Amino acid sequence: MKVEEGLVGIADTRVTTGAECITAGKVSIHQHGRHSMFLMTSGLRSVRDKAVTYFDEAISESDQTFDKLFKAVNVFAAQIRRVAEEDKSALYNAGLTFNLHALVGGQLENDLTHKLYLIYPQGNWVEVSEGTPYCIIGESGYGKPLLDRVLRYNSSMDLALKVGFLAFDATRTSSTSVEYPLDVVLYRHDTFDILEHRFQKEDLAEISSWWQSRIADSVEKLPASWVDRLLEALPKGTRSSPQDHGNSAS
């Protein structure tokens, strides 16, 4: 999520490999001096690990100074294409699709403000704009409606973190491929300092239960005149109730 105040990133840690589920981080942080950026990924884990390894090597060995975030994004995109050239055919022969989406956020020394980019498996990218100040990769359908309804570019980081967690909670509730631990990344504009924190399920269980109870209560209190009109239009049932089937006496 990209709001005026800064960036909020949330990632689960569940990795599915066949019939097994393992825990592995999907966030990597690259920070030194006035160069602060984080990388989040979804897709095939083997492809992700290879691309990130190549990216780390390219940054450490390159003499080029990455003074703007889009330049680092271009380098990571090149590594995605490199891995695709090496592994795409083998994956296809094994019945797998080359799949790696990434989010890169942060601010480098010559960026006027913080940036957030979405990178596709083909290596092309788009910048996340103020009009839709978030992007979801991976399981995107469950949390999107809540973010669309609540999050705006002028929202506070506090609200963004809250609604981001609720979007994760909705996804975790409905999808077996998303689960705790939960990694949160925060970056405040012009600070060049990224904060990362990992939450376990028990850390946020009270918040999840609070939200669940409020949802149920809100549905009960939903204005119902339109529902009543529909139900009243239904024909009345004529079948006797169970207690009416006993022997009668006169």
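In strand S9 (125-127), the bridge partner of tyrosine 117 is glutamate 127. S9 and strand S8 (residues 115-119) run antiparallel and are joined by 3 bridges. Two strands count as paired if DSSP finds at least two bridges between them. Helices (H or I, at least four residues) and strands (E, at least two) are DSSP runs, numbered from the N terminus. This is a predicted model, in which local features need pLDDT of at least 70 and side-chain atom pairs count only at pLDDT 80 or more, while totals for chains, interfaces and linings use all residues. Residues are numbered from 1 along each chain as its sequence is written, and side-chain values use heavy atoms, with hydrogens and water left out.

S8 and S9 belong to an open sheet of 5 strands. Its order is S5-S6-S7-S8-S9, and the pairing is antiparallel. Strand S5 (27-32) and S9 form the edges, each pairing on one side only. Neighbouring strands here are turned by 20 degrees against each other on average, direction ignored.

Two helices lie across this sheet. H2 covers S6, S7, S8 and S9, and runs at about 15 degrees to S8. Axes are lines fitted to C-alpha atoms, for helices over the stretch in contact, and angles run from 0 to 180 degrees between N-to-C directions.

How do the axes of helix H1 and helix H2 cross, and at what angle? The axes of H1 (residues 45-61) and H2 (residues 69-93) come within 9 Å and cross at roughly 140 degrees. H1 and H2 are therefore oblique to each other. Angles under 35 degrees count as roughly parallel, over 145 as roughly antiparallel, 65 to 115 as roughly perpendicular and the rest as oblique. The crossing of H1 past H2 is right-handed, meaning that the near helix is turned clockwise from the far one by less than a right angle.

Contact means heavy atoms within 4.5 Å. On the H1 side the contact includes Val47, Ala51, Tyr54 and Phe55.

Now the aromatic rings. Rings of Phe, Tyr and Trp (its six-membered ring) pair if their centres lie within 6.5 Å; planes under 30 degrees apart count as stacked, over 60 as edge-to-face and the rest as tilted. The count comes to 4 aromatic pairs. One joins phenylalanine 55 and phenylalanine 76: their ring centres are 5.3 Å apart and their planes at 80 degrees, so the pair is edge-to-face. Phenylalanine 55 lies in H1 and phenylalanine 76 in H2, so the pair ties together parts that are 21 residues apart in sequence.

Next comes the other sheet. This open sheet of 4 strands has the order S1-S2-S10-S11, again with antiparallel pairing. Strand S1 (2-3) and strand S11 (194-199) stand at the edges with a single partner strand each, so one side of each has no neighbour in the sheet. Strand S2 (residues 6-12) and strand S10 (residues 182-188) are joined by 7 bridges. Glycine 6 stands opposite arginine 188 in S10.

Helix H4 (residues 157-174) lies across S1, S2 and S10, at about 20 degrees to S2. H4 also packs against helix H5 (residues 201-220) at about 90 degrees, with axes 11 Å apart. That makes H4 roughly perpendicular to H5.
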